[in-house]
Amino acid sequence: MREVHSTYNVKITRDSITEEAQQQLKAEESGPAQRTSTGLSENQTIAGMAGKPVLHYFDGRGRMESIRWLLAAAGVEFEEKFLKTRDDLERLRNDGSLMFQQAPMVEIDGMKLVQTRAILNYIATKYNLSGKDMKERAIIDMYTEGVMDLDEMVLCHPYIPKEEKEGNLAKIKDKARNRYFPAYEKVLKSHGQDYLVGNRLSSVDIYLVKLLYHVEELDPSALTNFPLLKALRTRVSNLPNVKKFLQPGSPRKPLEDEKCVETAMKIFH
Ligand SMILES: N[C@@H](CCC(=O)N[C@@H](CS)C(=O)NCC(=O)O)C(=O)O
């Protein structure tokens, strides 16, 4: 962790900010979004050329996984500084990097952002994945909250006591199959379009697909009655950036095993 700690002070120079501002300006000036082979609009890909964010979390899924997915889907390379011990967390707390003493924390564009929603929102806005206007943004936010509610149950599953696991899994299956998946299936059916909002890729498509994979790992037949969700998963998985992220060796994290859970418990509890 020592060498990791030495890179905590990532400096964004005036030059890099200027360059980035220029790229964003260029993106804004480039007019109506054009689709590209990556599935992202031209604005979305131009913005992806900015400096590398640094992710601070432990080496597991937890609350950082949705952030990893979103960055990867936007074609943004990032660095990860893994917390390995409680001391690593304390060091970040003591140097004032964690506003609420909690991770995840992402260094991006000269900011140290905490709070998963805020981080996701910033990335989505920056890379043009948050809808074309206020109304689309509101719908994306509403759909995202639903994904977050189910995701919270799913991401906490490895960390709950053994004797509660069976009950929690039953709850996840019930809520996925009877509440959340039917709601998103209905949206896709209602407009017949490729993506959930505005017929273009947004952060909620990526977040939902991340969740679909995760739920299927726990409940392999969860998607049986949801053909449109399956099609969305295939569509998003085939976007070149996502395809790359789904390959072995990417920063995508596996389901937490016992060792990973033990490490996370030591760091955070
Ligand atoms: N609302 C926060 C919750 C963050 C959170 O609970 N982080 C956990 C690790 S996943 C943590 O830092 N726990 C230690 C603590 O709360 O003191 C977010 O979404 O980022």
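These notebook entries follow what I looked up in one predicted model.

**Ground rules.** I number residues from 1 along each chain as its sequence is written, and for side-chain values I use heavy atoms, leaving out hydrogens and water.

**Ligand.** I then looked up polar contacts, which are pairs of N or O atoms within 3.5 Å. A polar backbone atom of Ala 103 is 2.7 Å from a nitrogen atom of the ligand, and an N or O atom in the side chain of Thr 116 is 2.8 Å from a ligand oxygen atom. The protein buries 72% of the 510 Å² that the ligand exposes when taken alone, with areas from the Shrake-Rupley method and a 1.4 Å probe.

**Backbone.** I noted that most residues other than glycine have a negative phi, and that most peptide bonds are trans. Ala 103 and Pro 104, however, are joined by a cis peptide bond with omega of about 10°, and Gln 115 has a positive phi near 75°.

**Helices.** I took helices as DSSP runs (H or I, at least four residues). Helix α4 (residues 65–73) and helix α6 (residues 116–126) pack at about 5°, their axes 10 Å apart, where axes are lines fitted to C-alpha atoms over the stretch in contact and angles run from 0 to 180 degrees between N-to-C directions. That makes α4 roughly parallel to α6, a label for angles under 35 degrees.

Methods: This is a predicted model: local features need pLDDT of at least 70, side-chain atom pairs count only at pLDDT 80 or more; totals for chains, interfaces and linings use all residues. Helices (H or I, at least four residues) and strands (E, at least two) are DSSP runs, numbered from the N terminus. Angles under 35 degrees count as roughly parallel, over 145 as roughly antiparallel, 65 to 115 as roughly perpendicular and the rest as oblique. A polar contact is a pair of N or O atoms within 3.5 Å; within protein, one must be able to donate a hydrogen and the other to accept it, and residues adjacent in sequence count only if both atoms are side-chain atoms.
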